[in-house]
Amino acid sequence: MLTQELDEIFAEGGPLAESVQQYHLRMGQLELARSIHKAITDHEILIAEAGTGTGKTWAYLVPVFLSGAKALVSTGTRTLQDQLFRRDLPHLRKALGLPVQVALLKGRGNYVCHYHLERTEQDNRGFASRREVAWMREIQRFSEVSSSGDKSELASIPEDAEIWSRVTSTRENCLGQDCPYVGDCFVLKARRKAQEADVVVVNHALFMADLALREEGITDLLPAVDTVVFDEAHQLPDVATRFLGTSVSLHHLLDLAKQTEVAGLGHARGVVDWTAVAGALEQACRDLRLATAEVARMPGARATFEMIPEAEAFDEALEVLLEKLDKIIKLLEMLAEKHPDLGAAHKQALLLRARLFLWSQPDRQGRHALAPDTASAELKESAADEMVRWVEHTQTSLRFHSAPLSVAKIFSRYREPHQAWVLTSATLSVHGNFAHFVHQLGLWQARTEVWPSPFDYPQQGLMFVPNSLPAPSSPQFNEQFVNLLMPLIKQAKGGVLVLCTTLRSVERIAELLQERFEDEGITRPLLRQGERSRRVLLEEFRNGHNMVLVGSASFWEGIDVPGDALTLVAIDKLPFAPPDDPVLEARINACRERGGNPFMEYQLPDAAIALKQGAGRLIRTEQDWGVLVVGDSRIVDKPYGKLLWRGLPPFSRTRDPQRALAFFQERQNEE
């Protein structure tokens, strides 16, 4: 019965067709919807790769609506989350005439906190600029009229502005039921709406934060549901790795020192010399950073726990820091009930102490943990051998990271037996093989299916792999790559997206392009990652139609620029993960120890999926066309290259630069 209803909804004369101009039935979309309906009905795990243009959003939303089951939809980004909640869900609800209640739920850092807003207003440290003062007034007015408190609704203030961190809360500094504004709390209101809704839209970061909290026995973040849909599911392994580990920065400890000093002087003056207590922790932080100075000269300015230079001096400095932290904890414990600010500082100190203890757990090499002392109540058993730990030395701080060697066991056991899980994306397999993705998440019982894109890729796109460039490791590569691109950039009337594998390459290639533009009198605007926020750069790029944008990792996916605003995508090198990544290095070593082939099991599949994401930026609609340039000839010359290019959309292919230029001329003449 429901299958028949699906057919009627997606039919040429159905409710979807009536709600959208120029609608036409796509069999891939209907088949995907049927498969998702089956997964929901049979409580299955479905991994569905749906090529660009399949229409996967409606393909999963329609069965979810019709099922009547409470559902969670998790998206890859907050931007996609907002789009789904504000555009797709209301449209579909109206088209189908179904009284489905929907709710949007984000991490607490997205909602204005009345308590911290008031504290910031009263903070005698003031503001960094007049602009911050103006922003503060805007946020104050917004908090008085907004029903959600969601900062994305206040578009006049950038989402990455530092002021937001001062007027929102974290789990560590939230006062909970002790907050004087608990009745007005935007976070609690959003969670109550989520509990009452039929469909709740979250993002992967919040889903994984909930998973991590459940590992600690906390279960009040996300509501219980019958169906979970993961859109852009290819991001899940990386997000899970990040959220199921820990990260502590000396910045956190320095902020705690300041927080303790302000709270102590404000509400417990005379009990102790708060400036001296805070100063002792600050000095211990500086000494620890000094003890790790050699790490700054290591690849990536990182060192795994086992490879920290002068380990004895490091351990001693860390022990002194923890002693100072323990002193603060004991002081705050006695005074925590005197004022909420003292209680919040105590809670934050306990959490940081617990995280540092977990990070310092003993390992197979025999180095020992530093005793947990007062933080032990917040700890859980940790399988140290399964965690990767490293320190990262930055220009201004030192960070302690840990991550699970594998997220498979934790992720897969999170699913309730009665739940249906649907994981969908355009990039989940390596040439139709899902083994890598399934292995990463431990979803061995999943059903896997592929729906190819309906686009005519051989006609719409051309992939050009030059045979004239030096090896990617050559010092001349960037310059030669730019030389190759220049005729194509001059020929292309639409926008140009240059995707690089490193930030260093972004800077160098952008510099070289700028020099060539100036030398040859080319007036096309050149945008580069880092000069403005990603959101601002993309808006400018979409609206410009003839711009050149040079970007790295975050620009390889989640960019939808249809039409002539993008007709040339150029990828400098194959996106193999950097060898100095501590988690990848540990996984490679573990693979070797069990006799596996880490290149084929980890590095190549990851690169194939990333490459498919980058290439997917070019053709977004049935009318799009363009040229994809891959400057790394290993995709053709190496035996493994076949796995990479076969996994890409079936563009026409050439190694002749003249053929690429002719493609532009032919398509532009047609228009």
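## Terms and model

Axes are lines fitted to C-alpha atoms, for helices over the stretch in contact, and angles run from 0 to 180 degrees between N-to-C directions. Helices (H or I, at least four residues) and strands (E, at least two) are DSSP runs, numbered from the N terminus.

The model is predicted: local features need pLDDT of at least 70, side-chain atom pairs count only at pLDDT 80 or more, and totals for chains, interfaces and linings use all residues. Residues are numbered from 1 along each chain as its sequence is written, and side-chain values use heavy atoms, with hydrogens and water left out.

## Helix 19 against helix 26

Helix 19 spans residues 477-491 and helix 26 spans residues 657-670. Their axes lie 10 Å apart, at an angle of about 5 degrees. The pair is therefore roughly parallel (angles under 35 degrees).

Helix 19 makes the contact (heavy atoms within 4.5 Å) through Pro-487, Leu-488 and Gln-491. Helix 26 contributes Ala-660, Leu-661, Phe-664, Gln-665 and Gln-668. These contact residues comprise 5 nonpolar (Ala, Val, Leu, Ile, Met, Phe, Trp, Tyr, Cys and Pro), 3 polar and no charged (Asp, Glu, Lys and Arg); the others, Gly among them, count as polar.

Strand 4 covers residues 199-203. Buried means under 20% relative accessible area (1.4 Å probe, protein chains only). 5 of its 5 residues are buried, so strand 4 is largely enclosed by the rest of the structure. Val-199, Val-201 and Asn-203 point one way; Val-200 and Val-202 point the other way.

Two strands pair if DSSP finds at least two bridges between them. Strand 2 (residues 71-75) runs parallel to strand 4, joined by 5 bridges. Ser-74 stands opposite Val-202. Strand 3 (residues 102-104) also pairs with strand 4 in the parallel sense, over 3 bridges. There, Val-102 has Val-199 as its bridge partner.

Terms used
Angles under 35 degrees count as roughly parallel, over 145 as roughly antiparallel, 65 to 115 as roughly perpendicular and the rest as oblique. Buried means under 20% relative accessible area, exposed over 50%, partly exposed in between (1.4 Å probe, protein chains only).
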